[in-house]
Amino acid sequence: MTKTVLVITATLGERETLRETIESVRKYGGEQIQHIIICPEEKMTCLNEKYGSENLIIEPQPKHLKGIYTVLNYAFGKYAKNYEYITFLNDDDYWLPNYSDIIGRALKFQDDLVYGRTVYVNEDGNRICKMTTSRYFEHFLDYWKFGIVMLTQQSVLFKSSLYFRLGGFCDEFKL
């Protein structure tokens with residue numbers, strides 16, 4: 001099966017939660033997923049021992065590094081052309097079983113962007129709250145005016161062509 005979805009996880013290589021991130025992508029993404037972990041060079045050996053080197057890459061050198069979006073732009077710029085859909089997941093986040101529905105929806109209908117609800121949990125896995133979402137994307141700006149963020153990176157999947165058409169992420173922001 002051809003891999004059609006690229007997932008990037010940028011990490012400093014210090015969080016034990018990275019294991020759960022990797023496992024959730026493998027479990028709920030299926031065979032169509034390519035998951036790449038990007039980390040500082042000094043963490044490469046440690047992460048290689050824990051998770052294998054197959055999907056590890058080194059982030060750009062610190063003089064070019066401004067924050068997570070610089071790292072993501074680097075990784076997507078290097079790999080995203082080979083995938084129909086892309087997303088990213090922090091090293092302390094993980095997918096829930098229904099993320100496979102997001103992937104299935106995107107592939108079936110060829111949507112430019114698909115997103116779902118995000119659930120926030122504490123360190124013990126207990127649910128804290130759900131992120132506000134709406135099925136009507138055209139209301140995004142209305143929600144935004146009231147400080148309601150409709151989608152978060154943990155639950156979004158978008159076409160790589162959209163990423164390139166928009167010029168990637170603005171790396172002027174840290175978050």
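Biologist: On what basis are residues numbered and features reported?

Modeller: Residues are numbered from 1 along each chain as its sequence is written. The model is predicted, so that local features need pLDDT of at least 70, side-chain atom pairs count only at pLDDT 80 or more, totals for chains, interfaces and linings use all residues, and side-chain values use heavy atoms, leaving out hydrogens and water.

Biologist: Which strands stand at the edges of the open sheet of six strands?

Modeller: Strands are DSSP runs of E with at least two residues, helices are runs of H or I with at least four, and both are numbered from the N terminus. Two strands pair if DSSP finds at least two bridges between them, and the sheet, with mixed pairing, has the order β3-β2-β1-β4-β8-β5. Each edge strand has a single partner, so one side of it is left without a neighbour in the sheet; these strands are β3 (56-58) and β5 (113-115).

Biologist: What angle does the direction of helix α2 make with that of β3?

Modeller: Helix α2 (residues 44-51) packs on the sheet and touches β2 and β3, where contact means heavy atoms within 4.5 Å. Axes are lines fitted to C-alpha atoms, for helices over the stretch in contact, and angles run from 0 to 180 degrees between N-to-C directions. For α2 and β3 the angle is about 175°.

Biologist: How far from C39 is the nearest cysteine sulfur?

Modeller: A disulfide is a pair of cysteine sulfur atoms within 2.5 Å, and a search of the whole structure finds zero. C39 has a relative accessible area of 0% and is buried (under 20%; exposed is over 50%, partly exposed in between, with a 1.4 Å probe and protein chains only). The nearest cysteine sulfur, that of C46, lies at 9.2 Å.

Biologist: What is the phi of Q110?

Modeller: Most residues other than glycine have a negative phi. Q110 lies in the loop between α4 (99-109) and β5 and is partly exposed, at 35% relative accessible area. Although Q110 is not a glycine, its phi is positive, about 55°.

Biologist: Which elements are included in what covers the buried residues of α3?

Modeller: Helix α3 (residues 68-79) has buried residues Y69, T70, V71, L72, N73, A75 and F76. Their cover includes β1, β2, β3, β4 and α6 (160-166).
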